[in-house]
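Thanks for coming. Please have a look at the model while I talk.

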Amino acid sequence: MPEQTAYAAGADAYRPRRSVLYMPSSNERALEKAKSLPVDALILDLEDAVAPDAKEAARENACAAARSGDYGRREVTIRVNGIGSQWHDADIAAAAAAGPDAIVVPKVNSADEVRGLVAAIEAAGAPERTRLWAMVETPVAVLHAEEIARASRRLACLVLGTNDLYKELGATFVPGRAAISASLQLALLAARAAGVAIVDGVFNDVKDTEGFLAEARQGRELGFDGKTLIHPGQVEPANEVFAPSEAQVDDARAVIAAFERAQAEGRGVATLNGRLIENLHVDTAQKVLATAEAIAALS
């Protein structure tokens, strides 16, 4: 199977996922408010944020929202209840029929589960554009993340479920996330090897702005495409952190120009302000520009 690439042309072309906001689908006011938020992607939640007696109403609300076309350029996804739960099969069938941008599945632990999910989604009539996002939330998932990421071309994104990961590991949260740093990096390696997107887990203290920014910057430095969020107030900070700065865009253009000049002169490398510029630096610069252009297109 040919590898996907996050920057490839066509269905899997790069799409900004700097801010990915969970919204409880049982809350109709929240779903309405989401239409005006500057968020890149929404996860209309049927799982953790929804009480058992509200599951069916939440499913109807999420599917209606996905079908509505009222969310503009925002990527609209539906998170179903987990494999083996009493709601999972009905969630998959309804979500697939609604045709959101993606169906998000919690606690995906193997490539076989991915293939089973894809088969179920397709059997329920999901359109080709409806992708699968797999949540990586357990030690088993982390250790099999590459197999999960490569299991199907319909899989477009890995989503870190860091709260569950802390629980499964018996780890203690401290600033800097030392306890799960290996897990974050293994999941990132898997996503990049398979050419799929990957978004970081949530930050739980909605009042700790500095803590959120520090963790978002850490995620950006590691290589995540964006961050999952639990509050609308986290959207704009995430958008800023995960977007190339003006200086980075200017530098990317300068790198490409310097390399093109060197090639025109018959040289295979270039220098820019004392830095050696090779093909790999040009590739990175092109990704910076592609990201900036995709973000600008959202405006």
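Helices (H or I, at least four residues) and strands (E, at least two) are DSSP runs, numbered from the N terminus.

Two sentences on the source. This is a predicted model, in which local features need pLDDT of at least 70 and side-chain atom pairs count only at pLDDT 80 or more, while totals for chains, interfaces and linings use all residues. Residues are numbered from 1 along each chain as its sequence is written, and side-chain values use heavy atoms, with hydrogens and water left out.

Back to H4. Which of its residues are buried? They are Ala 111, Val 114, Leu 117, Val 118 and Ile 121. Seen down the helix axis, the buried residues of H4 fall within an arc of 120°, so they line one face of the helix. That arc is taken from the directions from the helix axis to the C-beta atoms.

Just after H4, Gly 125 has a positive phi of about 90°.

Now strand E6, residues 155–160. Six of its six residues are buried, so E6 is largely enclosed by the rest of the structure. Which strands does E6 pair with? Strand E5 (residues 131–136) runs parallel to E6 and is joined to it by five bridges, with Leu 132 opposite Leu 155. Strand E7 (residues 197–200) is also parallel to E6, over three bridges, and there Ile 198 is the bridge partner of Leu 158. Two strands pair if DSSP finds at least two bridges between them.

Last, the charged pairs. The whole structure has 26 salt bridges, each a side-chain nitrogen of Lys or Arg within 4 Å of a carboxyl oxygen of Asp or Glu.

Asp 40 and Arg 18 meet at 2.7 Å, N to O. Asp 40 is in the loop between helix H1 (28–33) and strand E2 (41–45), and Arg 18 is in the segment before strand E1 (19–24), 22 residues apart. Are these two buried or exposed? Both Asp 40 and Arg 18 are buried.

Arg 79 and Asp 48 form a salt bridge with their closest N and O atoms 3.8 Å apart. Arg 79 lies in strand E3 (residues 75–79) and Asp 48 in the loop between E2 and helix H2 (55–68), so the pair ties together parts 31 residues apart in sequence. Arg 79 is buried at 5% relative accessible area, whereas Asp 48 is exposed at 56%.

Notes
Buried < 20%, exposed > 50% of the residue type's maximum accessible area, 1.4 Å probe, protein only.
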